[in-house]
Amino acid sequence: MVHRKNILFSFDHSVEGQNLLGYLKERGFNPHIVEGGTADIIYQTSLKRPDLVILFDSPPEIESHEICKILKGQIETQSILLMVLDGETLKSQKLTAFGLAADTYISRFLPVEELYAKIYALLSIRDLQLQLLESEKFAALGRVADRIAHEFRNPLTIIGGFAYRIKKKHPADPVCQDYISRIIKEVSRLERIIDQVADFEISSKEAYEFIDLVVLLQEIRKEFSAIKLLVPEGNVRIEVPENDQIPLIRANRQSLKSVFTNLIENALDAIPKGRKGLIRIETGMDIEEGILWINLKDNGTGIPPEELNKVMDP
């Protein structure tokens, strides 16, 4: 199953175009149709940033070679896949199109099943390329995180140690006790953050195992049993499945635990003080797609619209 299904389709109203468009829709794709010429296709591609652009080169107002040249020459669109569907099985311009970085150049008269197979293969390869790139990025981030955690942990240990000694030495000074308690609390908070940062490096080295997702979620809920330490009123209920009939999954246990722990902490932060909070985690399975899904809901304030594009940032 490909995850990237965002296609821009230069529709020319031909029988081949209609057949391919219908075939794509039947299989879960929802192509954005552009019926204009060269300028409109370039503009819509720059605006929509699709995963794949399918170009029919038969209409006179569409210069597929010019489109390839411009889109591959722009930094913001050069990574978009380009498929040119030509009206002839052989043509010298194919070499020109590949020279201008078209990703594939094939006959529009191929059976629709074969055209679809080529589109699917092209998007599948892009999926794998991007997954590999993400893996390499996170591996590098893990190494940097490990160095940062090491450099910060040592001075924090010293600060926390001296703070405890000062607190013990001046038990009768309420002002001193208050200030030192705040220092100790913040040091503990920073140490927890460092532990989370260090997980980037540790989790990349840990083995995968078969995990009961419901059991893992129940364990995490127990760890949040001291909810009053996180929310002053302690008026938040966390609901997790008790006995969902879903199969075991093969995953990195520590990484999954970190994901759900961070999501719950974010949900707690979003629940205003004084509100009766609810965090509900649901699980299920889509048999047709062959996937498990996890849904986490809370009754907090939500994410501001201007921050939505940053939710996947480390």
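Cys68 counts as buried because its relative accessibility is 0%, and Cys176 counts as buried because its relative accessibility is 15%. Here, buried means under 20% relative accessible area, exposed over 50% and partly exposed in between, with a 1.4 Å probe and protein chains only. The model is predicted: local features need pLDDT of at least 70, side-chain atom pairs count only at pLDDT 80 or more, and totals for chains, interfaces and linings use all residues. Residues are numbered from 1 along each chain as its sequence is written, and side-chain values use heavy atoms, with hydrogens and water left out.

A disulfide is taken as a pair of cysteine sulfur atoms within 2.5 Å; by this rule the model has zero disulfides.

Helices (H or I, at least four residues) and strands (E, at least two) are DSSP runs, numbered from the N terminus. Two strands pair if DSSP finds at least two bridges between them. Five strands form an open, parallel sheet in the order E2-E1-E3-E4-E5. Its edge strands, E2 (32-34) and E5 (104-107), each pair on one side only. Neighbouring strands are turned by 20° against each other on average, direction ignored. Strand E4 (residues 81-86) pairs with E5 over four parallel bridges, and Met83 has Thr104 of E5 as its bridge partner.

Axes are lines fitted to C-alpha atoms, for helices over the stretch in contact, and angles run from 0 to 180 degrees between N-to-C directions.
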